Amino acid sequence: MSKPKIVVLGAGYAGMMTTKRLMQKLGPDEAEIVLVNKHNYHYQTTWLHEVAAGTRNQNQARMMISDVINPNRVSLIYDEVVEVKKDENRVVLKNSEVSYDYLVISLGFETNTFGIKGMEKNAFSITDIESSRMIREHIEYQFAKYSTSDKKNENDLTILVGGGGFTGIEFVGELAEQVPKLCKKYDIDRSKARIVNVEAAPRILPGFNDDLVAYAKKSLEDRGVEIREGAKISECKKNSFVIGDDGEEIKAGTIVWTGGVTGNSILGKSGFEITKGKVTVESDLRAPGEENIFIIGDCAWVMNQEEGRPFPPTAQAAMQHADTCATNLKGLIRNEQLESFTFDDKGTVASLGKNDAMGTVFSERLLYGTPATAMKKVIDNRYLFLLGGPKLILKKGKLRML
Ligand code: FAD
Ligand code: NAD
């Protein structure tokens with residue numbers, strides 16, 4: 001009898017960990033495993049703000065997939081997913097197609113601009129290695145251009161970041177490290193370069209612990225970041241944001257939108273029922289009405305039954321989805337009972353640059369400064385450990401703890 005074929009789409013946090021767990025949970029004779037990804041490398045999305053700011057080289061934030069997933073055990077296909085033909089159990093790729101018995105959709109997020117006029121066209125976004133590298137190059141070009149130009153325009157040195165959620169705040173924290181270095185490199189007075197974060201809600205990091213938000217704000221402002229709260233962006237022009245009720249315009253040479261994310265648009269194209277860009281999955285992480293399709297990571301809304309709303313999309317959750325998804329695939333293949341997903345919230349820690357961070361760990365314990373910085377690195381290295389053991393930490397990890 002032929003082996004069932006499991007196809008995993010997307011090699012991000014959810015797809016990599018699902019594949020890893022399937023290799024551990026199933027014998028080679030029990031299933032054929034296929035992993036499809038756009039690139040031959042896996043990147044840590046959670047490090048992309050560092051790549052975008054220029055504080056981390058892109059090669060430190062990515063690894064060859066075949067270095068951590070054994071290609072003798074898992075068939076690796078490097079191609080772009082175009083559509084899932086769920087009624088025919090096959091996936092259309094840009095250059096070929098692949099059939100499946102079981103499918104895992106873990107294609108991650110796309111930027112959500114909420115239809116804000118001009119945002120898609122005029123702002124950069126931090127979505128993958130290429131888009132992050134573009135931001136870094138663009139910022140550096142603005143500084144180089146300013147230093148060599150006869151008609152200097154100080155607006156070129158302003159970096160405007162739309163959205164003060166965790167991505168926006170972590171990004172401006174890195175910029176606070178990088179901008180002084182760029183000023184030094186291009187002989188520019190630091191006071192001429194601005195980093196501005198614009199948040200619609202009354203305060204940055206809406207919904208997060210008040211003391212930690214106050215700490216983050218002070219840390220960033222002390223290092224020259226301007227924070228504009230209660231300032232809703234209504235339009236993004238070529239070189240500016242229009243904000244607030246009075247239509248104030250803030251000009252800049254670099255504009256980055258970090259104001260929201262949604263699920264991969266392949267879901268809608270493939271005929272899944274979509275709520276705000278994602279599929280609300282069953283408690284076993286399968287798509288509603290689909291016996292053989294799991295949707296996990298940032299493509300899925302997983303309901304927090306206690307609070308009556310979905311859990312936020314995080315790498316922490318994506319990795320936990322992967323565990324349940326692999327267990328349930330094993331269950332389907334071995335005719336065992338499937339389990340329901342339960343989220344184990346280990347807290348949230350955000351970096352504010354190289355030497356500062358803040359967050360919550362272990363049942364709301366608050367961390368600031370050096371302990372938080374060390375904890376953030378432990379979290380980053382833990383993922384590398386789960387994926388590739390100590391060898392991968394030595395190769396790609398954040399080894400200087402402070
Ligand atoms: P991803 O990790 O985004 O992976 C999706 C994969 O699918 C990618 O490899 C992509 O190349 C591939 N792909 C996409 N489309 C196609 C296609 N059409 N064909 C083939 N392949 C495709 N969460 C935390 O818990 N902690 C943090 O500190 C944290 N920091 C973050 C910092 C930043 C800057 C950002 C943007 C997010 C951060 N998050 C953090 C959120 C976290 O990164 C996401 O929740 C997580 O990456 C989701 O995992 P995923 O596997 O669903 O998607
Ligand atoms: P987000 O949706 O969490 O934050 C977007 C922010 O943009 C919000 O504060 C929102 O009020 C603001 N915004 C939206 N429209 C606006 C407008 N018109 N004008 C001004 N501001 C506007 O998105 P994110 O920060 O990219 O985070 C995505 C997910 O990734 C979240 O679940 C987050 O928790 C996770 N994440 C976690 C970490 C971490 O744990 N360290 C880091 C980054 C991201």
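In the account of ligand surroundings below, Ala, Val, Leu, Ile, Met, Phe, Trp, Tyr, Cys and Pro count as nonpolar, Asp, Glu, Lys and Arg as charged, and the others, Gly among them, as polar. The structure described is a predicted model.

**Overall architecture**

The protein chain contains 10 helices and 27 strands. Its radius of gyration is 22 Å, close to the 21 Å that the globule rule gives for 402 residues, so the chain is as compact as a globular protein of that length. Taken along the principal axes, the C-alpha atoms fill a box of roughly 75 × 45 × 40 Å. Of the 402 residues, 45% count as buried. Among contacts between residues at least 6 apart in sequence, 64% join residues at least 24 apart.

**Domains and their contact**

Two domains divide the chain: domain 1 (5–38 + 79–111 + 261–345) and domain 2 (113–259 + 347–402). Their C-alpha centres lie 30 Å apart. Seven residues from domain 1 and eight residues from domain 2 make up the contact. On the side of domain 1 that touches domain 2, helix H1 (13–25) and strand E10 (109–111) are the elements that give two or more residues. The largest share of that side, three residues, comes from H1. By class, the residues of this side of domain 1 are three nonpolar, one polar and three charged.

**Ligand surroundings**

The composition of the two shells is set out below.

| Shell | Residues by class |
|---|---|
| Ligand 1 | 13 nonpolar, 15 polar, five charged |
| Ligand 2 | 11 nonpolar, 11 polar, three charged |

Ligand 1 is surrounded by 33 residues, of which the closest are Gly-10, Gly-12, Gly-108, Gly-297 and Thr-314. At least two residues of this shell are supplied by each of H1, strand E2 (32–37), helix H2 (48–53), H6 and helix H9 (315–334). Domain 1 and domain 2 both give residues to the shell around ligand 1, so this ligand lies between them.

Around ligand 2 there are 25 residues, and the closest are Gly-163, Gly-165, Phe-166, Thr-167 and Ala-200. Helix H6 (166–185) and strand E25 (347–351) are the elements that give two or more residues to this shell. The largest share, four residues, comes from H6. The shell around ligand 2 also draws at least three residues from each of domain 1 and domain 2.

Note on methods. Residues numbered from 1 in each chain as written. Chains lettered and ligands numbered in written order. Predicted model: local features only at pLDDT ≥ 70, side-chain atom pairs only at ≥ 80, totals over all residues. Domains from an automatic or database assignment. Contact = placed C-beta atoms within 7 Å. Near = placed C-beta within 6 Å. Rg over C-alpha atoms; globule rule 2.2 N^0.38 Å. Buried ≥ 20, exposed ≤ 12 C-beta atoms within 10 Å, placed from the backbone.
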